[in-house]
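Reader: I have the model open and would like to go through it with you. Shall we start with the charged pairs and then move to the helices?

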Amino acid sequence: MTLGLDSPRAPLRPSVRRSNWELASWVFMRVSGVALLVLVLGHLLIMNILDGGVHRINWGFVAGRWSSPFWQFWDLAMLWLAEIHGGNGLRTIINDYARKDATRFWLKVLLYVSMVLILALGTFVIFTFDPNMDA
């Protein structure tokens, strides 16, 4: 008669093919964090400290800035990296603290929908901004 016990070194679950999603997510958070430090600190330096600070920011300043593809890319990269970095962090928090599967599902649905809407709207504004439009 044998007992239905596994050997101590047996895996807890049957072998399942695992993806590297969490590893990629972890690496992305580190890389995007460093990139965001450069982008955000550069943004703050240019917008708030150099050449008169916030008092010079108006329609003309934004129009002049976004007439350059360099600044459009800078702001677009900052938008996308910040949104995905923050969304990934919130996804981790939802996974850690939502106890019920249904709650976890609906919180993630709300998170993903809000992320897509904000990214779409922000990207639309950056690429369709008309610097020649009257203020």
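Reader: How many salt bridges does the structure hold?

Author: The structure holds 3 salt bridges, a salt bridge being a side-chain nitrogen of Lys or Arg within 4 Å of a carboxyl oxygen of Asp or Glu. Before going on: this is a predicted model, where local features need pLDDT of at least 70 and side-chain atom pairs count only at pLDDT 80 or more, while totals for chains, interfaces and linings use all residues. Residues are numbered from 1 along each chain as its sequence is written, and side-chain values use heavy atoms, with hydrogens and water left out.

Reader: Which residue forms a salt bridge with Glu22?

Author: Arg91 does, and the closest N and O atoms are 3.1 Å apart. The pair links distant parts of the chain, with Glu22 in helix H1 and Arg91 in helix H3, 69 residues apart. Helices here are DSSP runs (H or I, at least four residues), numbered from the N terminus.

Reader: Is Arg91 buried or exposed?

Author: Arg91 is buried, with a relative accessible area of 5%. Glu22 is partly exposed, at 47%. Buried means under 20% relative accessible area, exposed over 50%, and partly exposed in between (1.4 Å probe, protein chains only).

Reader: And what does Asp75 meet in a salt bridge?

Author: The side chain of Arg65, at 3.0 Å from N to O. This pair also links distant parts of the chain: Asp75 is in helix H3 and Arg65 in helix H2, 10 residues apart. Both Asp75 and Arg65 are buried.

Reader: Which residue pairs with Arg104?

Author: Asp101, with the closest N and O atoms 2.7 Å apart. Both residues lie in helix H4, 3 residues apart, about one turn of the helix. An α-helix has 3.6 residues a turn, so residues three or four places apart point the same way. Asp101 is exposed, with a relative accessible area of 59%.

Reader: Changing topic. How many residues has H1, and how far does it reach?

Author: H1 has 29 residues and reaches 40 Å from its first C-alpha to its last, close to the 42 Å expected at 1.5 Å a residue. The expected span is 1.5 Å times one less than the number of residues. H1 is followed by Asp51, whose phi is positive, near 55°.

Reader: What do the buried residues of H1 pack against?

Author: They pack against H2 and H3. The buried residues of H1 are Ser25, Met29, Ser32, Leu36, Leu39, Gly42 and Met47. Take Ser32, which is buried with a relative accessible area of 1%. Leaving aside neighbours within four places in sequence, Ser32 is in contact (heavy atoms within 4.5 Å) with Leu81 and His85.

Reader: On to H3. What covers its buried residues?

Author: The cover includes H1, helix H2 (59–66) and helix H4 (101–128). Among the buried residues of H3 are Gln72, Trp74, Leu76, Met78, Glu83, Asn88 and Ile94. The 29 residues of H3 (69–97) should span 42 Å at 1.5 Å a residue, and the end C-alpha atoms are 41 Å apart, which agrees.

Reader: Which residues make the largest nonpolar core?

Author: Ala63, Trp66, Leu76, Ile126 and Phe129 make up that core of 5 residues. A nonpolar core is a set of buried Ala, Val, Leu, Ile, Met, Phe, Trp, Tyr and Cys residues joined through side-chain atoms within 4.5 Å. Not counting residues up to four places away in sequence, Ile126 touches Trp66, Gln72, Asp75, Leu76 and Leu79.

Reader: Last one: what does Phe61 touch?

Author: Phe61 touches Met47 and Arg56, again not counting residues up to four places away in sequence. Phe61 has its place in helix H2 and is buried, with a relative accessible area of 18%. The C-alpha atoms of Phe61 and Pro131 are separated by 9.6 Å, although the two are 70 residues apart along the chain.

Conventions. Helices (H or I, at least four residues) and strands (E, at least two) are DSSP runs, numbered from the N terminus.
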